[in-house]
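Subject: Structure handover

Hello,

Here is the structure I promised to pass on to you. Please open it alongside this message, as the notes below refer to it throughout.

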Amino acid sequence: MAVLIVAGIMFTQFGHSTVPAPASIGGPFQLIDQDGHAVTDRTFAGKPSVIFFGYTSCPDICPTTLADLTNWLKALGPTANKLNVLFITIDPQRDTPAHLREYLSSFDPRIRGLTGTNEQIAAVAKEYRVYYKRIEEEDGNYTMDHSGAVYLMDRAGHFVAPLSSQTPDGVAIERLRSLAAS
Amino acid sequence: MAIVYFVGVSAMAADYKIGSLEIMAPWSRATPQGAAAAIGYMTIKNNGTTPDRLIGGSVEFAKDFQLHSMTMEGGVAKMRALDGIDIAPGQTIELKPGGSHVMFVGLKHPLKESEHVKGTLVFEHAGTVQIEYDVEGIGAQSGPHDMDHMQMEH
């Protein structure tokens, strides 16, 4: 019930006119993995998934959330092998497969980076109800507004619960453990 | 035991003064391989009677220095460039995770945990001060010296 309320608040604040049920988070996608291979949602079928949307030029919540995930996966040990852990970039222009692979080498090797064309990223973000927007800066750089949540999805691809950097380690590890066992 | 620990840490705390401004415990995070940007946090206290403003700075290890606000609105992280950060007389501002920060863009090399990296801060009135950032772990949510200022108040 708490999960439903949290998700409801998130969607209301995203500005959707209707509040979708959590069950509508997730769906089919076509992307490119960090090794340059085409992947789809079916590539990851059969295992529960942990999905985080972010970008590598983000200096604050992206690396710290990936570091949290790394600690949580380490705490789970081999149990975490039963999970897909996916970092999907919302900045495909800068986050090429090779760049994602290099960046993610600093974190748990079970975290896999996914990128795609602008259209593919827009489509997967829509499926997961992830908000992102490119913000131009005067020096030619840009930053990205983006949803900071980590999504837990069961093996059938249904949304279970969100996690974030604010989630206490013990709670996050237990949620991941029960997800892996589901 | 805890007290001994904090006293020990205090001895290493890096604080800087320019004019009536005090810059306490600047810190940064180790960066993932190939990262384009790094971040900086610190506490700045204005002990004077006139306002001042952080308007820029530089670091040796990156091309650009930027000031940013950062907010979470409805689960969405938003970062915006700032022209400056005001520090009123008597005010202490905290640049910390999840909030306003300095950002270093165009890294010349990755930052590694437990190294110290040099930079400058430029204030509208007080001028330019040289500082050093302590580099914490990749997922650090606070600098190591946050506690010592409470201990060090005389």
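This is a predicted model: local features need pLDDT of at least 70, side-chain atom pairs count only at pLDDT 80 or more; totals for chains, interfaces and linings use all residues.

Residues are numbered from 1 along each chain as its sequence is written, chains are lettered from A and ligands numbered from 1 in the order in which they are written, and side-chain values use heavy atoms, with hydrogens and water left out.

Let me begin with the cavities. A cavity here is a set of points, on a 1 Å grid over the protein atoms alone, where a 1.4 Å probe fits but cannot get out, and lining residues have an atom within 4 Å of a point. Two cavities of 30 Å³ or more are counted. The largest cavity has a volume of about 80 Å³, taken as the space filled by probe spheres set on the points, which are joined across faces, edges and corners. It is lined by 15 residues, and those closest to its centre are A:P59, A:P63, B:T31, B:P32 and B:A37. Strand β3 of chain B (residues 37-46) contributes the most to this lining, three residues.

The second largest cavity has a volume of about 50 Å³, and its lining includes A:Y55, A:H146, B:M70 and B:K78. Two elements give two or more residues each to that lining: β7 (142-147) of chain A and β6 (76-81) of chain B. Of these, β6(B) gives the most, with three residues. Strands are DSSP runs of E with at least two residues and helices are runs of H or I with at least four, numbered from the N terminus.

Now for the sheet in chain A. Seven strands form an open, mixed sheet in the order β2-β1-β5-β4-β3-β8-β9; two strands pair if DSSP finds at least two bridges between them. Its edge strands are β2 (38-40) and β9 (159-163), each pairing on one side only. Within chain A, β3 (residues 49-54) and β4 (residues 84-89) run parallel and are joined by six bridges, and A:V50 stands opposite A:V85.

In chain B, β3 and β8 run antiparallel with four bridges between them, and B:I44 has B:I93 as its bridge partner.

Happy browsing!

Notes
On a 1 Å grid over the protein atoms alone, a cavity is a set of points where a 1.4 Å probe fits but cannot get out, and a pocket is an open set with protein on both sides within 12 Å along at least five of seven lines; lining residues have an atom within 4 Å of a point.
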